[in-house]
Amino acid sequence: MADGRPAAGALRPQLETVMAGGAAGAAMVRALAPMIGWRPADLFVVAGLDLPQDLVPATGTRPWHVGSVLERAVKLAPQSLRRLHEAVESLPEHPPAWPPVPRSSYPLGAGELLLRLLWNRNIAPYSPKVLYFIGGGPMVAHSTMAMLGPGRTRLTPQYVTAFATVLGIAGDDLTAVTGIAAATDLRLHRNHTELARLAWDARRLTNEQLSEVLDLAGRL
């Protein structure tokens, strides 16, 4: 994720430890995340732990979510995208709803893990357009993407790379936690790095703020 992070091979033992259920506690996850270049909130998801209150994304923002913003942002020129991102960063932060809205109850398999990482950005998990336009993911129905959770849709290298691109997580890291190699020949959106950062910075916006951002994206 960040320059200077350990090589993917060096991350595997730590990530496997985090994924070993009860082996990882909250204190360990917080301490380990910056050491291996992960955001703490994402590493909590990988560990299968509930996010602490200071790390949860916004919840209950329907009909809007960050995926709605991304679907408009992919159409913007780089300069306009930067203006949109600056607007997002300028908005005041509000404490998210607590407790958060319950998510899927499927076991934390590889597909469910990736969907929960989307949820961690307040992106509706069944958002194939986001994967397709930003990360070169497959263009599938919402229901097909939903079946990644229970494992009824096969997780392919194309999916892994698409998720990695939207999430702003290194493909090798997602390979380490899913066991599926990332594809290397996909056509990614030219502004995919900025779009992934936008998604993260927008994850705690309220419904009213998301509406403002969507309106600005339309005008830009």
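Colleague: At roughly what angle do helix α4 (residues 66-73) and helix α11 (residues 192-201) cross?
Modeller: This is a predicted model, where local features need pLDDT of at least 70, side-chain atom pairs count only at pLDDT 80 or more, and totals for chains, interfaces and linings use all residues. Residues are numbered from 1 along each chain as its sequence is written, and side-chain values use heavy atoms, leaving out hydrogens and water. Helices are DSSP runs (H or I, at least four residues), numbered from the N terminus. The axes (lines fitted to C-alpha atoms over the stretch in contact, with angles from 0 to 180 degrees between N-to-C directions) come within 10 Å, and the crossing is roughly 155°.

Colleague: So are α4 and α11 roughly parallel or antiparallel?
Modeller: Under 35 degrees counts as roughly parallel, over 145 as roughly antiparallel. Given the crossing of roughly 155°, α4 and α11 are therefore roughly antiparallel.

Colleague: Which residues of α11 does α4 meet?
Modeller: Contact means heavy atoms within 4.5 Å. From α4, V66, V69, L70 and A73 take part, and they meet α11 at L195, L198 and A199.

Colleague: What about α12 (residues 207-219): at roughly what angle does α4 cross that helix?
Modeller: Their axes come within 9 Å. α4 is roughly parallel to α12, with a crossing of roughly 10°.

Key:
Helix = DSSP H or I, 4+ residues; strand = E, 2+ residues; numbered from the N terminus. Parallel < 35°, antiparallel > 145°, perpendicular 65-115°, else oblique.
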